[in-house]
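Hi,

Here's the structure I promised to send over. Have a look at it first, then read my notes below.

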Amino acid sequence: MADTLAFRFHLERSASFTLDMGGEVPLRGVTAVSGPSGSGKTTLLRALAGLDARTGDTAEVRFRGQSWDGPGGYTPPEARRIGFVFQEPYLFTHMSVEQNLRYGAKRRDVTAIDGIVEALDLAPLLPRGVDGLSGGEARRVALGRALAANPQVLFLDEPLSGLDADRKAEVLPYLARAVGEAQVPALYVTHATDEIATLADRTLLIDKGRISGWRAAPFHLIAGVVGHEGEDAICEILTGSGEDAAAGAGARLRVPVRARMGERVRLGVPRDALLISVAHPGPNSALAVLPARIAEQSGPAGPVLDVFGQRQPVATVPETGEGGRVWLSVLRVLPRPERDDSDS
Amino acid sequence: MSLWPVISLTLQLAAITTIILMAFAIPFAWWLARTRARIRPLLEAVTSLPLVLPPTVLGFYLLILMSPDSPLGALWLSATGETLTFSFTGLVIASLFYSLPFAVQPLQTAFMAVPQTTIDTARTLGATSRDAFFSITMPLARRGFLTAAVLTFAHTIGEFGVILMVGGNIPGRTRVISIEIFTAVETLDYATAHVLSAGLLVFSFLVLTVVYALNRNGGTRIG
């Protein structure tokens, strides 16, 4: 049984737009779905969820070998167990926050939602109505409501769209934590330039209703939790190639992530939070300065850095030649607890 | 002379009409609010016709439809032994047409104000379409339900022209308040006309106040 979500669609939606694509998404970790607006990202997610089917559509969807749509049989949206978070929160305005959270849970025989309430800091909001919630709070409730229904896959359709930078920064850590802790695979619609793309294990690129390609995970490092300081975890970059563990002795970062001792954390590093210099930059305000080697000066997918044995793609490197020593200043990271084996 | 038979008959007519019309209008308005079918504007126009047609026109066609010479009227006559015209049943049928837009339009508007994505969210959370209708759509559209029921009831009570055409003026069977007022004025019984007219005036004013109060609160709670 393939651990994938396989699909083939031919959906004529207007004179100028037809979604015509087929593909297979691995059900491990986070798959970003990226493309210009109007390219069909939302249409794809809604079609996969079985929403707005029309006569004349050709649709075939298989989830872990089970037919959701097509000749193999049809599964209605309510039986697909998708945790769908839309661009706007669409909270149920005639219910309290707690009733919103329990709506899906009740229908899937889930009684304990404490873990989700805690992970998303929703306890103080529970008795409130949804009208008075701030934008960031409403997004957290929408995310919690989807997670509380015990989904087997998450569909996140730009769940932070419309929030200003401050609100985004407020919700982002919750989102990263929830996605990491839920241990369910996620499809995440986002703009390629978004910081959130840093969370993705791979990116499906879409243009004009068709798949235009796949992109590997952007720059990230795997670290292990070696201690705690306040709410934060102290993470040490793992040596990927089994080199001397002492090599990572100085490579410790204090990261706002909730993870236990010994657990792995995936540290996504946004493009603009990564500085590469030929000489050690000296004491500075970066989270960490890590030694690295240029593994490939100009590989087929661009330059590749070797950081403690972890090979990661970067946009550009200094002209020092392959094997050349460089220093990596990491200005900030987007941590994601790594509870599954999505990187193995 | 007691006015009670007239008032009682009027209330019965309004209540029965409201119940039947709501049972029909809820699924119909839901369909109108969601369908992409090309026939929709046509059905919306038909639904709204009673708003613009003179009641005499509507009454005339209903009279033809229900007369013992027509297939429907003949069928009714052979089945029950009574004519459909100038009967209480005939009044109910006429009222169903006459008050149709007052039931359908508030419901349709309320259903359209419930975002499709809110319903989709409920579906992905495990609700069947039926479950989502009762747990999400109906509570969110509750003001539309109240408005539709109240307006249908009130409008049926105030009906005159259509009733005169298909029901006539038979005490205990088709003589409703509005007809009674007409009869009273014709016979110069202004006292009766005053009592019934003032009653209808106050009733209608209260009903409209309730409807507008409901709608004032309704506009702000979408999304």
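This is a predicted model: local features need pLDDT of at least 70, side-chain atom pairs count only at pLDDT 80 or more; totals for chains, interfaces and linings use all residues.

Residues are numbered from 1 along each chain as its sequence is written, chains are lettered from A and ligands numbered from 1 in the order written, and side-chain values use heavy atoms, leaving out hydrogens and water.

Chain B has twelve helices and zero strands (DSSP runs numbered from the N terminus: H or I of at least four residues for helices, E of at least two for strands). Its C-alpha atoms fill a box of roughly 65 × 40 × 25 Å along the principal axes. Of its 223 residues, 45% are buried (under 20% relative accessible area; exposed is over 50%, partly exposed in between, with a 1.4 Å probe and protein chains only).

Helix 2 of chain B covers residues 40–52. It bends by about 30° at B:Val46, with B:Pro50 following within four residues (the bend is the angle between axes fitted to the seven residues ending there and the seven starting there).

Now chain A. Which phi does A:Arg81 have, positive or negative? It's positive, about 55°, although A:Arg81 is not a glycine. A:Arg81 sits in the loop between strands 5 and 6 and is partly exposed at 28%. A:Phe308 also isn't a glycine and has a positive phi of about 50°, but A:Phe308 is buried at 8% relative accessibility.

Cheers

Technical notes
The expected span of a helix is 1.5 Å times one less than its number of residues.
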